[in-house]
Amino acid sequence: MKKYSAFGLLRNALSYNEKWPEAWRSPEPKRKYDVVIVGGGGHGLATAYYLAKEHGVQNIAVLEKGWIGGGNTGRNTTIVRSNYLWTEAALLYEKSLKLWEDLSQDLNYNVMFSQRGVYNLAHSLQDVRDIERRVSANRLNGIDAEFVAPEQLKKNIPGLRVTANSRYPVLGASLQRRGGVARHDAVAWGYARAADQRGVDIIQQCEVTGIRREGGKVIGVDTTRGAIAADKVGVVVAGHASVLADMAGIRLPIESHPLQAFVSEPLKPVLDTVVMSNGVHGYISQSDKGELVIGAGIDSYNGYGQRGSFHTIEHTMQAIIELFPAFSRVRMLRQWGGIVDTCPDACPIISKTPVSGLYFNCGWGTGGFKATPGSGWAFAHTIAEDRSHELNAAFDLQRFTSGALIDEHGAAGVAH
Amino acid sequence: MTSRRLESGGFVDRGKVFEFKFDGRTLKGFAGDTLASALLANDVAVVSRSFKYHRPRGIVSAGADEPNAIMQIGKDDATLPNLRATQTELYNNMVARSTKGWPSVNFDVSAINALFGRVFSAGFYYKTFMRPKRLWRCYERFIRSSAGWGSAPAGNDPDEYAHRNAHCDVLVVGAGPSGLAAAVAASRTGARVILVDEQNEFGGSLLSEDTTIDSVPAMQWLEKTVAELSNCETVQCLTRTTAFGYYDDNFVAAVERCADHLGKPPGQTVRERLWRICAREVVLAQGAFERPLAFCNNDRPGVMMASAVQTYVNRYAVLPGERAVLFTNNDSAYFAAVAFKKAGGLLAAIIDSRQSGAGVTAVTNAVDHGIPIMNGHLVTDVVGKKRVRKAQVAQWSGDTSQTIKNTVSIECDLLMMSGGWSPAVHLHSQAGGKNIWDETHHCFVPGETLQQNRSVGAGAGQWSLMECLQRGGDAGRTTAEACGFVVQAGQTYETPQDQENPIEPLWRVPASRSPDRCAKQFLDFQNDTSVADVRLAVREGYRSIEHVKRYTALGFGTDQGKLGNINGMGVLAEALEVPIAQVGTTTFRPAYTPVTFGAGAGEDIGEIYDPVRKTAMHEWHEMQGAPMEVVGQWLRPWYFPQYGEDIHAAVARECMAARNSLAIMDASTLGKIDVQGRDSVALLERIYTHDVGRMAVGRCAYGIMLGEDGLLMDDGVMARLGEQRFYLTTTTGGAAAVLTWLERWLQTEWPELDVHLTSTTDHWSTIAVVGPKSRELLQKVGCNVSLQRENFPFMTVKDAELGGFPVQLFRVSFSGELAFEVNIGSNYAMAMWELLIDAGQEFQITPYGTETLHVLRAEKGFVIVGQDTDGSVSPVDLKMNWLLSKNKDYLGKRSLQRADLVRTDRKQFVGFVPVDGKTVVAEGTQLVNDPLLPVPTPMCGHITSSYASACLGHPIALGLLQSGHARIGEQVVAAQSDGTYVDMQVVSPVFYDPKSERQNV
């Protein structure tokens, strides 16, 4: 039996763990698939899983250049929330959050989704207006949201500096109690295992080098392990979407930037929620292993190197100390970077393309991890049905032509 | 408790006794000790408990690779979590405690976990705790409480940190023999050298080894070399300084621990200083880490790295055991065994896994000291829980797939192990360099580099002292030469030559049962990752080294795999049946050893976290007791309360003064840009939507700029000061962005335009004089130009002299009243302000802040970009069509024709009044047509601004409403975030003086 359970753990312990099966196979690529998903991150694996589960597609491959979950899936700060401003974005992320809430059980793989709440802090009167607006919108969209006053914040988040005389005083916060964090690697592995059980071929160390087209229609991909024919190709390669699009002669309105993060050494529990601040740029939570997981700002230059500049880390440490002065004596264990593909309106693209049978899911910017289940779910629908689901209809490539942008930068941040 | 301190030797100062506390016990050590050496001297065997199984753990190493001795040092707000005892210098009255084990490290109730060791296999938590779903929070709370090592302090950091920038020709990282040789060689050419080492003194391995250089004891050479470097003006020597990060452009970050060895920073000393070093060339001489051997129960206290024992004996004069066994697969550890023996320890045996044993030098040395050697043998297991008691030794054929049947016990309380050495390639790898597998020495060595750096010494796989010195010197000269310095012939060194036998790799030690069934063979001690865990990961399909790391936590600890990763890679390679080179390494990332956030942040925290910008009149505002609003970096007076007034009363009074008499405001924070050049008009025509070229000199105009998407970006009044000169104002928050925007177009798209842009925000202070009496006031203080309408109409600018000061006088209004804006050089602004205040007393001149500014403009329906707009608003939505020139092209013009922007049901800017005539709705509140529709309830807009209006006598609001321009007179519902609803009447956004007559008088 392949199902994971406490009982299974005990039984396998008795046989010295020698009988655990592979979580997923490592098959040789077939010559042809009905659907090829390019990119074995969380989004790609989720797409394959939902294609098999929800749409009954039988013959699917996920092609991964390196190892699954090795891109942004394994590099983010694991925050999950759905409190987006605009209805289009909020409903997509809320779909995702609902899937998160049952994901461990659905996949039979504990992704450690921990709904410990997400606070977004306000540091100026304009921040307060923006939060009021977002909370009001969230509630109308059926998304849990509340405004928390500074006095209450002091009680809820010990260690957070909520004093009037700090440089950017905390004037309040939005709270989404259903938000939280998850174990990022487990998401990739859980989807991989569940997809594999439904017959999906997960092929690692297989880099796509070309997208084959004939008469305006996709017919397959060239890879470092040979050509693979496919009726449909879904590309979901965060950080390299423009590169893949170029292979199909498509230009995307995307800029790629390094985004950094770092963790502290493991500490005893000291922070039991997620705190984000756009004004004092930093966000922080504590992992189950005890590390403070901290997000840094985006590096302003474009590039594909998964590393950034140290001054960005310095600024983030300053921000964290501004919020939590006691963390000054805590030490950074490790820092890293990933590449984020950003769209002009800070919203993703889940869309058909001018090439028939070729689909792109990209442009998640800094917010892709939380969307993993919803993104895969909507992308699977788009590929299977050859049309967008209503949840992702607004995220079509067409919007950059029509001008129907969904500005999720938050309010522009200027006043007076 | 016995003392394990030697009577003589070492570099500790026996004259200086330090008392310290460990887990409540008072112990003694010497100056020069580390906490680890002091604990060993006091015969403390158990210093921690392991992560998962809570097994007792002792000190294993003497450096940055220590996985077990993770301590909480110091008390209260000055406490430091997770310090490695091996790198913590002892000071008097140090308070240290172990970070694991309850109630104590010696008796830990969670040790029961070990009974379920096989259940808690790699990744077990992914397979359980899933049902019932609601219990996950309980499971998680339990997992969290058992994880983590030390605790963060609760209060503010009492210490300070500093940043320092440094430039040099040659940066040398590591002051062991190769680093010293490199630094000396480079310094002799005149190159500017920075030499950093993480330890309290230079010397590296020379401090632990007993050898000679140029026929004199190495210590003499060391003293001479360090003296030469210290006396050289172009050399900066930094001890206690760890180069932890190697970034692009040869930028190396290093942290200097200035005070941790003193307990508390004396006087004005900073605790840590971050060095940001820009080096033209970098020599990496970081040394190497000795590898453990993965036999059963290899984590028991008393099992130590051979080189660590040598360090404790030679450097700290501590004998970590009485009777030792050495288990090795290479020659280097023989010298550690001899050192232990020479210091008075008993060495029961050297167990060498190699059939042919060690080379002549090592063997002769051992035999001379009477140490028995057993070649072709293994230590397969050890006995003893809180301290090693016996080693189980067996003969071995050299076949790793074999299981071992017969073992003999050798009694010992110290097991020294050495699995060979791994060069510390960390910085080389961080710099983007590749690593290649050295088939002879069985280790990864630095390969091709991407930046200006080279590796030498043990860190480059150069193992003999002679080679380290020679290659170090070569590197010093080569790098100096690369920087343009003239280089003399190289120095040669003489050192004892060893005859060695090659290492034979032993990633996993065969045991009495299969590696999956035998007792735990630990790879990563801190994370309790064992050989069986890595094999399990492979069995389950986690085959990439990165998957194995993430699934088993191998290398996740605070030592970042310095100790055990290589064995893990070896075990992985065996399981995958591929060469270890193909397995590769995980990515090396900063920090080499952990760095405090405080050091990273430096001085820029607290009140100087971000520069505070204050206007020239700031002190005056403060004197009046005005609360400040934070606007970007600026502090602006929010309102000026008089005695007993709240914000509402104050704002009402200020508004009425502006409407009825005279008010004054400090508008200095407006962004100001001076535009000059032959093509000024050409540039501004492309940026702004109105016909800039048609403006006569001396005219002002309200202008807006759009993004490429046709949406409003910023607005402001601009003035034409000359044929080729303009003065632009921007929003306070948008000043930098607008200047950047202009420069971006100018520099990257239209470099042919001859235009110069200068920010003059800080040079001009701006005083808005507002109200029906404003003209009278200016006349009263004395103005050399006529202020009458005929001479000085609305929306014009003049150079003038006001009260004896030269000023630029603008007749503009953001309140709808007769108003003037006085631009004056900031050095005179305060004098001008006081002059106007004094002269205005007869008109009851009233200063006002940002809140009144907002109310006044809202009464007139003027938008505030960033409050009433949010990056999704077009000028048409704002009914600003009159600003869109048809005569020219400008940024965003084409986008305005796009399908979505010509929709008539876009959200449009309108005014609102509450139907009840009294509720001031919260700004940001969403608007709905029907609040009773089920979720997701369709929203039709939101409130952007909302105020009580004193002059109108009822609240007013502004906002964006779907098809709003066509819905004047209708009602919508504001759904506030607290769940209450307010009916709102849709009205024109211009509430006051709709014909705008008042500003024109």
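Author: We shall discuss the interface, a sheet and a helix in turn. Please keep in mind that this is a predicted model.

Reader: What is the area buried between chain B and chain A?

Author: The size of an interface is often expressed as the accessible area that is lost when the parts come together. Here the area buried between chain B and chain A is about 10900 Å², and carbon and sulfur atoms give 53% of that area.

Reader: How many salt bridges are counted between chain B and chain A?

Author: The count is twelve salt bridges. In one salt bridge, the side chain of B:Arg550 meets that of A:Asp185, at 2.8 Å from N to O. Polar contacts across the interface of chain B and chain A come to 73 residue pairs.

Reader: Where does a strand of chain A join a strand of chain B?

Author: Strand S16 of chain A (residues 331–342) is joined by two bridges to strand S31 of chain B (residues 595–596), and the two run antiparallel. A:Met332 has B:Val595 as its bridge partner in S31(B).

Reader: In what order do the strands of the open sheet lie?

Author: The order of its nine strands is S5(A)-S6(A)-S4(A)-S13(A)-S14(A)-S15(A)-S12(A)-S16(A)-S31(B), and the pairing is mixed.

Reader: How do strands S12 and S15 of chain A run, parallel or antiparallel?

Author: Strand S12 (residues 255–264) and strand S15 (residues 292–298) of chain A run antiparallel and are joined by four bridges. A:Val263 stands opposite A:Val293 in S15(A).

Reader: Why is helix H21 of chain B described as largely enclosed?

Author: Ten of the ten residues of helix H21 of chain B (residues 850–859) are buried, so the helix is largely enclosed by the rest of the structure. Among the buried residues of H21(B) are B:Glu851, B:Leu853, B:Arg857 and B:Glu859.

Reader: Which residue with a positive phi follows H21(B)?

Author: B:Gly861 follows H21(B), and its phi is near 75°.

Methods: Residues numbered from 1 in each chain as written. Chains lettered and ligands numbered in written order. Predicted model: local features only at pLDDT ≥ 70, side-chain atom pairs only at ≥ 80, totals over all residues. Heavy atoms only, no water. Buried area = accessible area lost by both parts, 1.4 Å probe. Salt bridge = Lys/Arg side-chain N within 4 Å of Asp/Glu carboxyl O. Polar contact = N/O pair within 3.5 Å; in protein donor to acceptor, adjacent residues only side chain to side chain. Pairing = 2+ DSSP bridges. Buried < 20%, exposed > 50% of the residue type's maximum accessible area, 1.4 Å probe, protein only.
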